[in-house]
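Take a look at the protein below. We'll walk through its rings, its loops and one of its pockets, and explain the terms along the way.

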Amino acid sequence: SAAEKGKKSAASGAVSGTKSISPNTPGKKVVSKDAVIRKSNGTKTNNVGEKNSLANGDTNKDDTAIDTLNNSENNGKMIEVQEEESVAIMTPDIMAEGTLLIDALGSSTRSAFIQTMCRNHLQPYEELFCPRVPSSPKKAKQHSFKIQRAAPMEEEKPPYSLNQFDRRFAWYRRTLREICDKYPSVFPTYWNFQYAITLHFLQMTKTHLLALLEPTQTKDKESDNA
């Protein structure tokens, strides 16, 4: 009968050690063994992933700290290098030894070096006092019904003009004094450096003076009264 079959099935469930849950029992779900195993494996996997992420996070933090220390050390080294570069390396004593080296290379090398020094130090003189073609001033256009303004006062003569000729020698005396202060006891006396640069200055001045006196485009207007 149906009652006997139910008792037999309950007894067989008790013997096998498993609970038989009727699928029609309300509020209860049947969970298979495979689902339980998969869930436990997923939990283990998540725990391992969390441990790995934490470990990776700690490693990244350590790497960031190491990079920060390395960058600070590199910045400190760069600052030290910049401070060392700002210190004057070419002292007068070292430059004096350099002139001995130039002497050892021969008289032609010494002459070429002196000429280069003269040109470099007199380059500002050339730029300031070399005669130029005067530019004609542009007249401003004015309407006939407007008040005519008075002509502007005559501007100061340019430094290269004959009227400002004495400024050349004042500039050279000041420049020669600065050279002597900058290179004390650097050039040997037998080099006659002051004589060489003075001769170079006078040759340039002669060229400028001829350009102001001769009938060329750079001729000074007051040259006829010179």
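This is a predicted model: local features need pLDDT of at least 70, side-chain atom pairs count only at pLDDT 80 or more; totals for chains, interfaces and linings use all residues.

## Ground rules

Residues are numbered from 1 along each chain as its sequence is written, and side-chain values use heavy atoms, with hydrogens and water left out.

## The overall picture

The protein has six helices and zero strands, so its pattern along the sequence reads α-α-α-α-α-α. Here, helices (H or I, at least four residues) and strands (E, at least two) are DSSP runs, numbered from the N terminus.

Of the 226 residues, 19% are buried. The protein exposes about 18,500 Å², and 56% of that comes from carbon and sulfur atoms; these areas come from the Shrake-Rupley method with a 1.4 Å probe, and for residues, only the protein chains shown count as cover. Now for contacts, meaning heavy atoms within 4.5 Å. Among contacts between residues at least 6 apart in sequence, 76% join residues at least 24 apart.

## Rings that pair up

How many aromatic pairs does the structure hold? There are ten. Rings of Phe, Tyr and Trp (its six-membered ring) pair if their centres lie within 6.5 Å; planes under 30 degrees apart count as stacked, over 60 as edge-to-face and the rest as tilted. Take tyrosine 125 and tryptophan 171: their ring centres are 5.3 Å apart and their planes sit at 35 degrees, so this pair is tilted. It links distant parts of the chain, with tyrosine 125 in helix α4 (residues 107-129) and tryptophan 171 in helix α5, 46 residues apart. Tyrosine 125 is buried at 0% relative accessibility, and tryptophan 171 is buried at 11%.

Next come tyrosine 172 and phenylalanine 201, a stacked pair with 4.3 Å centre to centre and 10 degrees between the planes. Tyrosine 172 is in helix α5 and phenylalanine 201 in helix α6, so the pair ties together parts that are 29 residues apart in sequence. Both of these residues are buried. Ring pairs also join Tyr125, Phe129, Phe165, Phe169, Trp171, Tyr172 and Phe201 into a cluster.

## Between α4 and α5

Is glutamine 164 buried or exposed? With a relative accessible area of 12%, glutamine 164 is buried. This residue is in the loop between α4 and α5. Leaving aside neighbours within four places in sequence, glutamine 164 is in contact with Glu156, Lys157, Pro158 and Pro159.

Cysteine 130 is also found in the loop between α4 and α5, and at 22% relative accessibility it counts as partly exposed. Not counting residues up to four places away in sequence, cysteine 130 touches Tyr125, Tyr160 and His208. Cysteine 130 and leucine 212 are 82 residues apart in sequence, and their C-alpha atoms are 9.6 Å apart in space.

## Two positive phi angles

Most residues other than glycine have a negative phi, and most peptide bonds are trans. Serine 185, though not a glycine, has a positive phi near 55 degrees. Serine 185 sits in the loop between α5 and α6 and is exposed, at 74% relative accessibility.

Asparagine 192 is not a glycine, yet its phi is positive too, at about 55 degrees. Asparagine 192 is found in the loop between α5 and α6, and it is partly exposed at 45%.

## The second largest pocket

Rolling a probe the size of a water molecule over the atoms shows where empty space is left. On a 1 Å grid over the protein atoms alone, a pocket is an open set of points with protein on both sides within 12 Å along at least five of seven lines, while a cavity is a set where a 1.4 Å probe fits but cannot get out; lining residues have an atom within 4 Å of a point. Grid points are joined across faces, edges and corners, and a volume is the space filled by probe spheres set on the points.

The second largest pocket has a volume of about 170 Å³. It is lined by 13 residues, and those closest to its centre are Cys180, Tyr183, Phe187, Phe193 and Gln194. The elements giving two or more residues to this lining are α5 (166-182) and α6 (193-213), with α5 supplying the largest share, three residues. By class, the lining has nine nonpolar, four polar and no charged residues; Ala, Val, Leu, Ile, Met, Phe, Trp, Tyr, Cys and Pro count as nonpolar, Asp, Glu, Lys and Arg as charged, and the others, Gly among them, as polar.

Terms used:
Buried means under 20% relative accessible area, exposed over 50%, partly exposed in between (1.4 Å probe, protein chains only).
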